[in-house]
Amino acid sequence: MPDATFLDATELVINMGPQHPSTHGVLRVILKLDGEKVMGTECVIGYLHRGVEKIGENRTYQQFAPYVDRMDYVAAVSNGLGYCLAVEKLLNIEAPARAQAVRVVLTELNRIASHLLWLGTHALDIGAITPVFYCLREREEVLKIFENYCGARLTTHAFRIGGLQYETYDGFEEEVKKFCDWFIPKVDEYERLLTNNRIWVGRLKGVGILTADECKEYGVTGPVLRAAGVKWDLRKAQPYSGYEQYEFEIPTGENGDTYDRYTVRMEEMRQATRIIRQAVDRIPSGPIMGKVPKVVKPPVGEVYVSIEAPKGELGYFIVSDNSTQPYRLRVRPPSFVNLQALDRMVRGGLVADVVAIIGTLDIVLGEVDR
Amino acid sequence: MVTTPWESDITQLLKERFGPDITQFSTYLGQNFLVAKPDAVIAILEALKLELDFDYLVDVTAVDYPKRPERFDLVYILYSFARNERMRVKTMIADGYRPATAVTVHLAANWLEREVFDMFGIEFEGHPDMRRILLPEEWVGHPLRKELSILQQDDSWVKENLGIESGQ
């Protein structure tokens with residue numbers, strides 16, 4: 001009897017990544033296939049592990065702030081906001097009103113930048129080449145505002161514990177307003193390219209369905225949860241940094257499929273613009289920095305503070321032992337938890353859907369691996 | 001900023017149900033937590049999920065106190081969509097104690113517990129896939145334990161696999 005040939009094999013185990021372009025960094029997915037059908041997956045992660053939590057235990061509170069930018073590097077401002085809020089909570093202080101308003105403007109701009117990068121790369125993965133150029137063109141304008149504000153484009157370190165380091169530059173408000181006016185027609189333009197595009201709809205509709213109950217079971221948050229029909233956003237549920245003052249809607253989907261996640265994120269960009277418009281009109285005058293000592297020594301205790309980052313719930317759990325360094329600093333990254341649901345979403349689908357689903361989860365491996 | 005006792009319908013129900021298994025109900029800076037005996041934790045998580053709507057396990061993590069006899073704090077952070085409320089379940093365990101897995105209650109615990117194992121060396125009893133998640137399988141040591149300094153790494157692994165002297 002001859003040995004079974006390769007062609008006889010019904011199940012095939014192959015590697016996707018870690019250098020595969022559509023895994024958005026260094027994610028390795030081991031796929032078990034039956035023909036084109038996915039029987040199961042296993043994620044291999046940790047290629048970018050830098051020990052951020054250990055570094056946190058060995059730096060003072062202020063020294064650690066720039067490190068958080070390196071986790072979700074496409075939404076560095078959100079990371080910084082979460083960290084600053086957590087330490088402020090531990091110190092039981094609040095940033096001044098002016099600082100809070102500027103924080104909201106920059107964080108929402110960052111949400112737009114993050115979603116734009118997601119849209120561009122996701123469309124590129126699916127096979128639509130054009131949107132990525134458009135998206136990066138608009139993202140560039142956001143990065144220019146960051147650069148003017150704090151000198152950095154990606155790893156911004158825009159906020160400080162207790163407020164802001166820098167006053168806004170001359171013409172900040174006008175530039176942000178100009179961006180908002182200019183940006184909304186661009187979103188319509190993306191929608192014209194994609195929303196009713198037959199190929200786009202065919203590739204996304206009904207792919208990678210995750211129901212609301214499954215989302216809760218897996219701890220999945222952010223646009224993925226909202227696309228499953230759960231109207232939940234931390235900015236509304238437990239407002240921070242003055243979000244309760246602004247009017248905005250929480251977009252939701254119905255089916256929890258990849259297409260719904262696309263529409264939810266598109267609408268989120270519009271809503272973010274709406275928040276920015278309100279916030280930038282109402283930046284109060286006053287100090288930008290609260291009364292924070294040069295050396296921060298929070299009292300003994302522990303807090304968990306989380307924000308709605310572009311990818312989902314980003315939390316910081318900090319234990320203080322009344323020294324200048326955190327005794328324990330835990331980051332609860334949305335990408336890591338959301339990625340866990342990948343197996344559930346791709347099972348029974350096609351190989352090509354795996355690419356679409358990794359894209360729609362919007363993971364950043366810097367945050368998954370920390 | 002002091003820790004004050006926490007009382008609500010949640011604590012009432014849990015007190016009736018678990019009695020001496022829960023040793024403390026507290027609030028610090030407006031955040032509620034309870035401290036329970038390690039054996040009771042999974043039953044508490046289950047009761048919280050099924051009867052009090054704490055259906056979202058946000059995070060599982062640990063804190064290392066090497067000088068204490070019960071060396072680790074194991075922390076479960078929970079959230080309830082229906083109540084819009086957050087709480088933490090804490091328990092203290094000794095080194096080598098194998099806490100029961102929470103995967104039976106919340107699927108989200110799978111990777112989170114693997115990370116706790118990877119970083120602290122706490123093995124969860126009954127976990128479906130108790131392996132390292134971020135570090136390589138052959139790595140020696142658990143980096144978030146306090147006895148490991150930030151400069152210390154598994155030199156032999158680095159030498160063998162990366163072909164370099166220690167990166168530090």
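## Chain B: overall layout

Chain B contains 4 helices and 6 strands. Read from the N terminus, its elements follow the order β-α-β-β-α-β-β-β-α-α. The model described here is predicted.

The C-alpha atoms of chain B occupy a box of roughly 60 × 35 × 25 Å along the principal axes. Of the 168 residues in chain B, 37% are buried. Among contacts in chain B between residues at least 6 apart in sequence, 45% link residues at least 24 apart.

## Two domains in chain B

The domain assignment divides chain B into domain 1 (4–132) and domain 2 (135–168). The C-alpha centres of domain 1 and domain 2 of chain B are 30 Å apart.

Where the domains touch, 8 residues of domain 1 of chain B are in contact with 9 residues of domain 2 of chain B. On the domain 1 side, helix α3 (residues 109–120) of chain B gives the most, with 3 residues. By class, this side of domain 1 of chain B has 3 nonpolar, 1 polar and 4 charged residues.

## Where chain A meets chain B

The two chains also touch each other: 32 residues of chain A are in contact with 26 residues of chain B. On the chain A side, the elements that give two or more residues are α1 (52–57), α8 (212–218), β6 (301–309), β7 (312–320), β8 (328–332) and α12 (334–339) of chain A. Strand β7(A) gives the most, with 4 residues. The residues on this side of chain A divide into 12 nonpolar, 10 polar and 10 charged.

## The largest nonpolar core

In soluble globular proteins, nonpolar side chains tend to be buried together. The largest nonpolar core in this model has 150 residues, and Val105(A) and Leu78(B) touch the most other members. Helix α4 (residues 97–126) of chain A supplies the largest share of this core, with 15 residues.

What is Leu78(B) in contact with, leaving aside its neighbours within four places in sequence? The partners are Leu48(B), Phe54(B), Tyr56(B), Leu57(B), Val58(B), Arg86(B), Met87(B) and Val89(B).

## Two packed helices in chain A

Two packed helices are described by the angle between their axes and the distance between the axes. Helix α3 (residues 76–91) of chain A packs against α4(A) at an angle of about 140°, and the two axes are 8 Å apart. Because of this angle, α3(A) is oblique to α4(A); an angle has to be over 145 degrees to count as roughly antiparallel.

From α3(A), the residues Val77(A), Ser78(A) and Leu81(A) meet Arg103(A), Leu106(A), Thr107(A) and Asn110(A) in α4(A). By class, this contact has 3 nonpolar, 3 polar and 1 charged residues.

Which value does phi take in Asn322(A), a residue that is not a glycine? Its phi is positive, at about 60°. Asn322(A) is in the loop between β7 and β8 of chain A. Asn322(A) has 10 other C-beta atoms within 10 Å, so it is exposed, the cut-off for exposed being 12 or fewer.

In chain B, Leu29(B) is a residue other than glycine with a positive phi, near 55°. Leu29(B) is in the loop between β2 (22–28) and β3 (31–36) of chain B. With 16 other C-beta atoms within 10 Å, Leu29(B) is partly exposed, because a buried residue needs 20 or more and an exposed one has 12 or fewer.

Notes: Residues numbered from 1 in each chain as written. Chains lettered and ligands numbered in written order. Predicted model: local features only at pLDDT ≥ 70, side-chain atom pairs only at ≥ 80, totals over all residues. Core = buried A, V, L, I, M, F, W, Y, C linked by C-beta atoms within 7 Å. Contact = placed C-beta atoms within 7 Å. Nonpolar A, V, L, I, M, F, W, Y, C, P; charged D, E, K, R; others polar. Axes fitted to C-alpha atoms, helices over the stretch in contact; angles between N-to-C directions. Parallel < 35°, antiparallel > 145°, perpendicular 65-115°, else oblique. Domains from an automatic or database assignment.
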